[in-house]
Amino acid sequence: MMKARTLKDIIIREIRETGPMDIGRYMALALGHPKFGYYMTRDPLGARGDFTTAPEISQVFGELIGAWLADMWLRAGAPAPFTLLECGPGRGTLMADLLRAMRGVPGFHAAARLCLLETSPVLRAVQEKTLIASGLVPASACRWIEDLADLPADRPLFGVANEFFDALPIRQIVRGTAPQVFEEMCVGLDLDGSLCYLRVPDANYPQDAVDLCAPGDVFEFSPVREQVMETLCRAITAENRGRGGAFLICDYGHDRTSPGDTLQAVRHHECVPVLAEPGEADITAHVDFDRLRKHAMTQGCYASRITPQGTFLKNCGIEARVAHLIKRCADDRQADLTVKAAQRLIASGPAGTGMGALFKLMAVTDGTVPVSGLE
Ligand code: SAH
């Protein structure tokens with residue numbers, strides 16, 4: 001048999017052997033294949049990479065998330081030690097800004113045990129540089145895990161995930177003309193042997209799809225995201241033997257479960273076809289916060305209102321923070337850049353396409369302390 005040289009070859013071979021794969025399997029391989037997966041082989045962030053995230057735009061983002069988490073930690077009685085978790089930390093920028101800004105909170109640094117959920121060796125090396133080689137965190141207070149099952153179970157957890165859930169695999173089903181007839185969108189091979197979309201009859205679709213979908217509608221769901229949510233909930237709810245805490249999720253997505261195809265691939269800041277170059281483009285789908293929220297509640301957690309990023313950052317005092325920062329800027333140009341970067345994070349933009357509206361935040365807690373900023 002021919003030796004597979006690219007991820008596309010590997011995917012084609014798997015389809016030849018076992019038949020069409022669901023979108024979730026395709027996404028998992030495209031992003032996370034141990035050798036050729038998109039995140040495993042590169043640092044995709046920044047102007048010269050494929051996409052830019054909020055912490056890479058302005059330090060204020062990580063600082064205010066830090067203030068929010070530190071506030072929750074204080075309200076919970078400042079437990080020590082506690083796990084400070086970040087899922088998918090990218091370059092470690094958010095965590096670095098968070099930690100720098102929280103130096104002034106008595107006891108916070110001493111009590112924090114960093115836990116970084118990261119599968120990419122490339123990004124992990126960058127995180128090590130940003131957080132440990134820089135002297136910000138002692139190596140002994142920081143560990144990496146590849147699976148949430150390895151979360152330390154013996155202490156409270158406070159954590160954040162920015163643009164992490166959107167990278168977790170989703171699946172898609174399409175409604176036929178009769179309400180109970182759904183097909184699953186899969187990746188198969190066309191007559192030339194190239195990757196193409198195929199629909200496969202499906203009997204195991206989520207029940208809410210029946211009420212929500214009209215004929216032809218695409219409905220997305222994600223058992224992987226729900227599993228991650230469940231593990232986080234278990235870690236913080238006393239009922240499930242967790243030790244309390246709070247978790248903040250930030251991502252683009254919708255606050256009402258609804259049909260729609262949001263799967264997209266991005267390379268060099270442009271959309272590209274999802275099946276064109278697996279492993280070379282970022283593939284994501286919008287996060288259905290509504291579904292995650294309900295899921296967290298069924299786990300015995302409190303889940304906050306789903307709040308637009310602009311509202312959350314204003315509630316957390318972005319304006320005052322920027323006013324403080326520009327006083328320390330060397331010149332007008334730097335001050336102008338500082339203001340513009342913060343504005344980009346909060347702007348709603350035309351038809352809600354700006355980061356301030358498209359991105360949402362939701363907090364999940366053990367329910368023992370009130371949540372601020374999101375209500
Ligand atoms: N939070 C960062 C990076 C977002 S990119 C920021 O805002 O800049 C997505 C991050 O999640 C990367 O660090 C990527 O390597 C990580 N990631 C993606 N899928 C993952 C998975 N299944 N398990 C753990 N980490 C994952």
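In this predicted model, the axes of helix α4 (residues 59-75) and helix α12 (residues 318-327) come within 11 Å and cross at roughly 125°. Axes here are lines fitted to C-alpha atoms, for helices over the stretch in contact, and angles run from 0 to 180 degrees between N-to-C directions. The two helices α4 and α12 are therefore oblique to each other; angles under 35 degrees count as roughly parallel, over 145 as roughly antiparallel, 65 to 115 as roughly perpendicular and the rest as oblique. Their crossing is right-handed, a word used if the near helix is turned clockwise from the far one by less than a right angle, with left-handed for anticlockwise.

On the α4 side, the contact is made by Gln-59, Val-60, Glu-63 and Leu-64, and on the α12 side by Ile-318, Arg-321, Val-322 and Leu-325. Contact means heavy atoms within 4.5 Å. By class, the residues of the contact of α4 with α12 are five nonpolar, one polar and two charged. Ala, Val, Leu, Ile, Met, Phe, Trp, Tyr, Cys and Pro count as nonpolar, Asp, Glu, Lys and Arg as charged, and the others, Gly among them, as polar.

A quick word on conventions: residues are numbered from 1 along each chain as its sequence is written. Local features need pLDDT of at least 70 and side-chain atom pairs count only at pLDDT 80 or more, while totals for chains, interfaces and linings use all residues, and side-chain values use heavy atoms, with hydrogens and water left out. Helices (H or I, at least four residues) and strands (E, at least two) are DSSP runs, numbered from the N terminus.

Helix α4 also packs against helix α5 (residues 93-101), at an angle of about 60° and with the axes 7 Å apart. The pair α4 and α5 is therefore oblique, and its crossing is right-handed. Gln-59, Phe-61, Gly-62, Glu-63, Ile-65, Gly-66 and Leu-69 of α4 meet Leu-94, Asp-97, Leu-98 and Ala-101 of α5. This contact of α4 with α5 has six nonpolar, three polar and two charged residues.

The crossing of α1 with α2 is right-handed. Leu-7, Ile-11 and Glu-14 of α1 meet Arg-25, Tyr-26, Leu-29 and Ala-30 of α2, and these divide into five nonpolar, no polar and two charged.

Now to the ligand. There are 17 residues around the ligand, and Thr-53, Gly-88, Gly-90, Glu-118 and Asn-162 come nearest; a residue is near if one of its heavy atoms lies within 4 Å. The table gives polar contacts, meaning pairs of N or O atoms within 3.5 Å.

| Residue | Protein atom | Ligand atom | Distance |
|---|---|---|---|
| Gly-88 | backbone N or O | nitrogen | 2.7 Å |
| Gly-90 | backbone N or O | oxygen | 3.0 Å |
| Glu-118 | side-chain N or O | oxygen | 2.5 Å |

Finally, some backbone details in the loops. Most residues other than glycine have a negative phi, and most peptide bonds are trans. The peptide bond from Ala-80 to Pro-81 is cis, with omega near -10°, and Pro-81 sits in the loop between α4 and β2 (82-87). His-268 has a positive phi, near 50°, and belongs to the loop between β11 (264-267) and β12 (270-272). Ala-351 has a phi near 50°, a positive value in a residue other than glycine; Ala-351 is found in the loop between α13 (332-346) and α14 (355-358).

Notes: A polar contact is a pair of N or O atoms within 3.5 Å; within protein, one must be able to donate a hydrogen and the other to accept it, and residues adjacent in sequence count only if both atoms are side-chain atoms.
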